[in-house]
Amino acid sequence: MKLLRRAASLAALAAASVSALAASVTALAPPLAALALAGCAASAAAPLPQLAVRPVAWPAPGELGPVRALADDGRRVVLFHDGAAAIFVDGALARVERAPHRWTSAAALPAPDGHGTWIVGVDAEGRLLRLPGEGAFELVSDRYGLERAPVRAALGLGGGGAAFALDGEIAVADGALVTRYATGPLAAFAAGGGRVAFAPGGDGSAPGGDGLRALDVASRALRAYPLPDGPAPLLAVTGAGALLAATPAALYEEDGAGVLRLRLQASAALHGLAVSGDRVWFADGDELGVLDDAGARETRGARLPRDGRLIGSPSGDVWLLASGALRRFAAAEGDAGPAWDEIAPVFARACAPCHLPRGEGGADLSTGAAWTSRRDAIARRVIEERTMPPPGRALSEADRARIRAFVERVSPARRP
């Protein structure tokens, strides 16, 4: 913690880093421009068969009003409403914390000392606030070495550390140092895989001119990626550190040589992009899509709202937040496993006494949608830890295998 605070005060280090990065952009831009444009000229992969998705039921408390932001760390999901936050654990509502804040964004971040994960929200005044396991929100900007700097967005770097969008700067906290880099106004900001990606606001004030940037936190190397002219791109970074960029017309992905390659030409207009575990989700017009090594697939007839924003989940699902309304989708893959009709008799034998509506177990598991939304908790408690069902209620190995198959069916990206 002392290192974080001390590093944040070393203005000379930050200024030197900015100068070095500016020089590196100038040196790298010409060859990168040639490489990236060559990549953009490649043909997009042929569309794959139709993507099937299923909605995942989520019990959002309607009395709290529109959802403004969401943080999902795999086990905990926190919905941020104006003046309140609803905390879900393993898919069940655990509590509601009232708070006099207007939220603009939220994230699950590594704690500054590297131990555990913090759920944080950013309010309209630029304050970074942590939601502890119990109790009220607490201001934590100084815990990440940000002091009085207004925060506009916060993201985890993956594997430790966090990145923050400030006014005209980005700040990177890697667990030992906090370094700020002058960027000018930002039009887009993303982080993951030990890298921070950003796009200038279009006034040319950022080092290196127009285009995208990706900063490798460990080496402090900065790369520039020109894209065709157009509106500010959507950005994302995979867990492996590959950059994804989408204009309304096309989706590009960085390859192993650091070249942005065209992966998809939009059928309508791309307006959403999110990394969810091992999946990349995108929104194309009113359809939802998935990009993987084989290519891109899209739904047909999904009728997504075009003002919606995609938010990734470690589960492999994707959240859609539009006009304060929240929806969750899972890819309907791995359908070789059992459907709910085959699991329902297992539920009746081993689970129903505690997990019917208003049952003593506290979680209603009487529907297939409930099992889908709580699949990670079910996998952990029933398959991995074997703490469910409780003593006195037998579960045969055959039934346990059916439950495993169901969990793998609805969440193939998360199960070994």
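The structure is a predicted model, in which local features need pLDDT of at least 70 and side-chain atom pairs count only at pLDDT 80 or more, whereas totals for chains, interfaces and linings use all residues. Residues are numbered from 1 along each chain as its sequence is written, and side-chain values use heavy atoms, with hydrogens and water left out.

The protein chain contains seven helices and 28 strands, taken as DSSP runs numbered from the N terminus (helices H or I, at least four residues; strands E, at least two). Of its 416 residues, 50% count as buried, a term that stands for under 20% relative accessible area, with exposed meaning over 50% and partly exposed in between (1.4 Å probe, protein chains only). Among contacts, defined as heavy atoms within 4.5 Å, those with a separation of 6 or more were examined in the protein chain, and residues 24 or more positions apart account for 49% of them.

A nonpolar core is here a set of buried Ala, Val, Leu, Ile, Met, Phe, Trp, Tyr and Cys residues joined through side-chain atoms within 4.5 Å. The largest such core has 19 residues, of which Leu109, Leu128, Tyr144, Leu146, Val151 and Phe164 touch the most other members. Two or more residues are given to this core by each of the elements β6 (103-110), β7 (117-123), β11 (162-165) and β12 (169-173), and the largest share, three residues, comes from β7. When residues up to four places away in sequence are not counted, Val151 touches Val122, Gly126, Leu128, Leu146, Phe164, Ala165 and Leu166. A second, separate core consists of 17 residues, including Ile343, Ala350, Ala352 and Leu365.

Val122, found in strand β7, is buried with a relative accessible area of 2%. Apart from neighbours within four places in sequence, Val122 is in contact with Arg102, Trp103, Thr104, Ser105, Arg127, Leu128, Val151 and Arg152. The C-alpha atoms of Val122 and Ala153 are separated by 6.7 Å, although these residues are 31 residues apart along the chain.

A pair of aromatic rings is described by the distance of the centres and the angle of the planes. Rings of Phe, Tyr and Trp (its six-membered ring) were paired if their centres lie within 6.5 Å, planes under 30 degrees apart counting as stacked, over 60 as edge-to-face and the rest as tilted. The structure holds six aromatic pairs. One of these is formed by Phe80 and Trp103, which are edge-to-face at 5.0 Å centre to centre with 70 degrees between the planes; this pair links distant parts of the chain, with Phe80 in strand β3 (residues 76-81) and Trp103 in strand β6, 23 residues apart. Both Phe80 and Trp103 are buried. The ring centres of Trp118 and Tyr144 are 5.9 Å apart and their planes lie at 90 degrees, so this pair is also edge-to-face. Trp118 in strand β7 and Tyr144 in the loop between β9 (138-139) and β10 (153-156) are 26 residues apart, and their pair likewise links distant parts of the chain. Both Trp118 and Tyr144 are buried, while Phe80, Trp103 and Phe137 form one aromatic cluster.

His355 is placed in helix α4 (residues 352-355) and counts as buried at 15% relative accessibility. The side chain of His355 reaches the backbone oxygen of Ala363 at 2.9 Å, which falls under polar contacts, that is, pairs of N or O atoms within 3.5 Å; within protein, one must be able to donate a hydrogen and the other to accept it, and residues adjacent in sequence count only if both atoms are side-chain atoms. Leaving aside neighbours within four places in sequence, His355 is in contact with Phe347, Gly361, Ala363, Asp364, Leu365 and Ser366.

Helix α6 (residues 375-384) is largely enclosed by the rest of the structure, because eight of its 10 residues are buried. Helix α6 is followed by Arg386, whose phi is positive, near 55 degrees. A cis peptide bond, with omega about -5 degrees, joins Met388 and Pro389, and Pro389 lies in the loop between α6 and α7 (397-410).
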